[in-house]
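We'll walk through the side chains and the backbone one spot at a time.

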Amino acid sequence: IIVDSLPYLIDGRGGRMLYDVGDAVAGSKIRYNSDYGATLVDANKDSMTFTAATRDGVVIDTYTITTDQNYYRQTPLVATGAFWRYLDNGSNQGPAWQAPGFDDSSWAAGASQLGYGEGDEATVAGFGADPNAKFITTYFRREFQVADPAAFNAVSLELLRDDGAIVYINGNEVFRSNMPAGNVNYQTHAASTVSDLQEVTYYGTILPASAFVAGTNTIAVEIHQINETSSDMSFDA
């Protein structure tokens, strides 16, 4: 059935018994109830094709949905595995480090995933001399280019963080994940413990194109631990 250009597909031919589907409603395109079967869905980033077939493999109908490539154009601005500047000395950076133009040339640099304690890090960050008094906050920065922000409908941000994080674009906070509300500082703990699948999950949000400027943009991320004895820290974006 297609209503207001939106397709609805229902296939109940794999159940206990076949039965009459009743009178056709407005928008109906095809109905079939002569044999058992199923619908195969073949999906990729460009299209999704539904193929309804009988149990003997006879194709009854196919329907394909395609993306609008002009609307859903995907242009990575920062890829996973990218190089980041990072500061892992436990210092209080205040808000200055978030802004474009901040001098991070003395910071270390390495490819993500960055962190410690998991064994899957591309770059191992430090946590201080005492494993029972680890630094709470680690800072990450990098620049990236946007030729024309108006060319984007929106930008998807996906963040791997263990335990909590705050993300800034060009000095403005755009995403807070597993962090308490309100003002934070370099000693603010994450909101809750992260474990198991949460440690490898990417948490996402959609950013407006207005968050970016034409030319050089800066993304800054602060990762916060749940406590001083946390065994691991992870970051990628």
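A salt bridge here is a side-chain nitrogen of Lys or Arg within 4 Å of a carboxyl oxygen of Asp or Glu. You're looking at a predicted model, in which local features need pLDDT of at least 70, side-chain atom pairs count only at pLDDT 80 or more, and totals for chains, interfaces and linings use all residues. Residues are numbered from 1 along each chain as its sequence is written, and side-chain values use heavy atoms, with hydrogens and water left out.

By that salt-bridge rule the count comes to 5. One of them joins the side chains of Glu 173 and Arg 176, at 2.9 Å from N to O. For exposure, buried means under 20% relative accessible area, exposed means over 50%, and partly exposed is in between (1.4 Å probe, protein chains only). Glu 173 is partly exposed at 38%, and Arg 176 is partly exposed too, at 26%.

Another salt bridge pairs Asp 35 with Arg 55, at 2.8 Å from N to O. To place these residues, note that helices (H or I, at least four residues) and strands (E, at least two) are DSSP runs, numbered from the N terminus. Asp 35 lies in the loop between β2 and β3 and Arg 55 in the loop between β4 (47-54) and β5 (59-66), so this pair ties together parts that are 20 residues apart in sequence. Asp 35 counts as buried at 14%, whereas Arg 55 is exposed at 59%.

What does Arg 141 meet in a salt bridge? Its partner is Asp 104, at 2.9 Å from N to O. Arg 141 is in strand β10 and Asp 104 in the loop between β6 and β7, so to speak a link between distant parts of the chain, 37 residues apart. Arg 141 is buried, with a relative accessible area of 2%, and Asp 104 is buried as well, at 14%.

Now for the rings. Rings of Phe, Tyr and Trp (its six-membered ring) pair if their centres lie within 6.5 Å; planes under 30 degrees apart count as stacked, over 60 as edge-to-face and the rest as tilted. The structure holds 9 aromatic pairs. One of these is Trp 97 with Tyr 139, an edge-to-face pair at 4.8 Å centre to centre and 65° between the planes. Trp 97 lies in the loop between β6 (83-87) and β7 (108-111) and Tyr 139 in strand β10 (residues 137-146), so the pair ties together parts that are 42 residues apart in sequence. Trp 97 is buried at 0%, and Tyr 139 is buried at 3%. Both belong to one aromatic cluster, together with Phe 102, Trp 107 and Tyr 168.

Rings also show up with charges. A charge sits over a ring if NZ of Lys or CZ of Arg is within 6 Å of the ring centre and within 35 degrees of the ring normal. Lys 134 does this over the face of Phe 127, at 5.1 Å from the ring centre. The charged end of Arg 161 sits over the ring of Tyr 203, 3.8 Å from its centre.

Next, find Asn 170, in the loop between β12 (164-169) and β13 (172-177). Asn 170 is buried, with a relative accessible area of 15%. Contact means heavy atoms within 4.5 Å. Leaving aside neighbours within four places in sequence, the contacts of Asn 170 include Gln 98, Pro 100, Phe 212 and Asn 217.

You'll find Gly 81 in the loop between β5 and β6, partly exposed at 35%. Beyond neighbours within four places in sequence, Gly 81 is in contact with Ala 111, Ser 112 and Asp 236.

Finally, the backbone. Most residues other than glycine have a negative phi, and most peptide bonds are trans. The peptide bond from Ser 112 to Gln 113 is cis, with omega near 5°, and the bond from Asp 162 to Asp 163 is cis, with omega near 15°. Asn 178 has a positive phi, near 55°, and Asp 196 has a positive phi of about 55°. Asn 178 is buried at 17%, whereas Asp 196 is exposed at 65%.
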